Amino acid sequence: MSRSPKDPQRAEFSAPTTDSVSAVNGSGIDHDLNKNHLQRENPVMAALAGTLDRGRRLFGRPNAADTPTSAFDNTPSDSASSPPIPTAPKMHFTYASGSSPLPRYTIRRGVGIGGFGEVYFAVSEAGKEVAIKRIQRNLDVELRGVSHCLNLKHPNLVSLFDVCRDDQDQAWVIMEYIAGPNLREVLDQHPQGLPEEEVRRCLVGLASGIAYLHDSGLVHRDLKPGNVFDDAGIIKIGDYGLSKFISASRRGGHTESVGTFHYMAPEVGRGEYGREIDIYALGVILCELLTGRVPFDGESSHEIVMKHLTAQPDLEGIASPYREVIKSALEKDPRNRPQSIAQMLKPLGLQIDTFGSGTPATMPSSLGSTSSPAESKQDPILARLASPPAAPGASAEKPIREEPLARAIRGSLTDLARWWESLESYPGTRIAMMFMIVALVVINTGWLVPLLTFVAIFYVPYYIIRHLVLGIRQQPSYAEAHQLAVARAQIPRPLSAGQWRQQKRIELASKRSLTRMTELSGSWTKAIFWTAILGVVGTMIGLRDADLSAENIAPYALTAVTIGFAALALLGMGKLWERGEGEPLSRRLVLAGVGIIVGSFAYVASEYLLLPIGGTALSADVADNLPQNLYTNEGVPRLAAMMAHFALLMGAVGWWKNTDPLRKRRLSVWTVAVAVVFEWAISLALPIPQPWGILVAGGIAIVLQLASPWENRHQEMQVS
């Protein structure tokens, strides 16, 4: 896939001795400290770093295809006392020029030997130039990875054509041959970084290819300048089909290179391979494009890994907004990074092509000719063509000026939201503020209700009429409407709701058990918090005209405790079931069993914890018609009645849908209403005191939705 060495059959590289490597690394004390600390903090990353260090001592310095220029010095030593640097062994290819291991392809020369096998430049019988890779390591894993990528089509990805086997049943991958330089070589020619205009051109093509992989459900996992090639001015990303585990395929040697660690996200050592690791690597590459250096560098693999895990990136000299984009992409916690490539590049105002339907982004102008901004300004047609395409949903008409009062309210709410987010590190302060806000709302209901009524009667109709009138006045002309129609026709169709849901379901199914338990513990904490809030609010509203005695508070306490217990149980089942849609009948039967446990808990709490069930007692006529084995003579539900009632409630309502991260809304009033209606209907056959049962059913629906994670499809589609 890359430019071939000068010698078509042999490529040589020099390697320093073990003593010279130690001299370059300086004192071994710091190296040993970093190594010991890394082994304690992250043994997986320590093992990888140790393996690569041993490979470097055996085979020499890192290869320029994978390692930033700053990682080693190419300048020969003038000192007479310097020991001679021995020459490393040559690369020996299995097949010579003119060989035909595959029936329809003839090898012209060897290109390189990497961690996965040998790469050759070959020509087919029809004269098509291709690169063929002989896979020699992790055969089954790599063939599965390639098979997933064979049908990917994007102008910024190296094309994979086929997988063939020779007479010896050896697997070969047939792929596109790239004769131009890779980005590593371009950066080596620009040690101070590339000009901003060239950085943006390069970044768009790189981001477009990676975003397309992510939209296809794949992660590159080994993104680095050595895997980014130039094909006649078009950026091509390679090795995306062969990076199913962290590797550092070297085109110039037989071992993995330490250079890959410059682009490796911290969570890789924990075995987490989400799309966030590609975003992290893209942030490192962006820093290197701008400055010519990587944000984390060191004299050994262990030192580099330790900096990835603990140090903050050195972004000195990088102007805004690039500095903020790189900083967000290099967050240690993958949850704090941008969740998509488009979201990462949004502050830069760059448009990416994830569908492969637009003009591919090009490499820097030194490698391919492109029109300059000055030329575009002189020619209005060129200027129009050079302008970025309209975003999906963009409109050609002028935006309607926002109503002043609405703008002021929106600005205030935005400031309030930012202030609230600043309290994330102080959960105690948040809880106290929440209680204060609820108390103020309850106390000031006397004037808040008339104010909201006034707004609903006068301001809302005025806002709607104003928006309609201004919208009619600002209708586009015929030419503008035609231009808008043409622009929208060229916009690639985003993922449908079904496709998005299927893709997200695959991501949910691939979560690790430790990640699920972490998310579940967070949901349980939120459930306890929201249950307490609902209990306090219900108590303040229900007892606003009564004494706050223990006897009056007890029914509300039982309500909150029952809601919390049921919510914790249902959240656990929902986390277990989020991997797939599942069979509704089997899930309802399981939830009926959960309902038996919830009913038993409520009965025990009422009978033995002295927490009476509130609500209106059953009338004498109703109590007389009830079965005596389920109810007492006074109409009080027995244990069997409570178990049967909650079993029907849990089995009838699809509670797992309330915990599904792919539900349509964070909090649906309709879902709460459904739970309340089912509770009322079940009470007709197996009555329990009301409105206690209705409050429990509605409270469970509210707490489940507020405590469960939620994927906002509309927001994600808008960002991407």
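Reply: One begins with a cut-off: a residue is called buried when its relative accessible area is under 20%, exposed when over 50%, and partly exposed in between. Please note that the model shown here is predicted.

Me: Is R134 buried or exposed?

Reply: R134 has a relative accessibility of 11%, so R134 counts as buried.

Me: Which residue does the side chain of R134 meet in a salt bridge?

Reply: The general idea is that a side-chain nitrogen of Lys or Arg must lie within 4 Å of a carboxyl oxygen of Asp or Glu. In this model the partner of R134 is E118, at 3.9 Å from N to O. The two residues are 16 apart and link distant parts of the chain, with R134 in strand β3 (residues 129-135) and E118 in strand β2 (residues 117-124). E118 is buried as well, at a relative accessible area of 4%.

Me: How many salt bridges does the structure hold?

Reply: There are 19 salt bridges in the structure. One of them is formed by the side chains of E176 and K236, with an N to O distance of 3.7 Å. This pair again links distant parts of the chain: E176 belongs to strand β5 and K236 to strand β7 (residues 234-237), 60 residues apart.

Me: Why are E176 and K236 called buried?

Reply: E176 is called buried because its relative accessible area is 13%. K236 counts as buried because its relative accessibility is 8%.

Me: Which strand does β5 pair with, and how many bridges join the two?

Reply: Strand β5 (residues 171-176) runs antiparallel to strand β4 (residues 160-165), and five bridges join them. Within this pairing, V163 has V173 in β5 as its bridge partner. The hairpin of β4 and β5 has five residues between the strands, and D169 there takes a positive phi near 60°.

Me: Where do the partners of the salt bridge between D314 and R293 lie?

Reply: The side chains of D314 and R293 meet at 3.9 Å, N to O. D314 lies in the loop between α8 (301-310) and α9 (322-329), whereas R293 lies in the loop between α7 (276-291) and α8; the pair links distant parts of the chain, 21 residues apart. D314 counts as partly exposed, at 38% relative accessibility, and R293 also counts as partly exposed, at 26%.

Me: Which residues do salt bridges that share partners join into one network?

Reply: Here R275, K504, E507 and E711 form one network, joined by salt bridges with shared partners.

Note on methods. Residues numbered from 1 in each chain as written. Predicted model: local features only at pLDDT ≥ 70, side-chain atom pairs only at ≥ 80, totals over all residues. Heavy atoms only, no water. Pairing = 2+ DSSP bridges. Helix = DSSP H or I, 4+ residues; strand = E, 2+ residues; numbered from the N terminus. Buried < 20%, exposed > 50% of the residue type's maximum accessible area, 1.4 Å probe, protein only.
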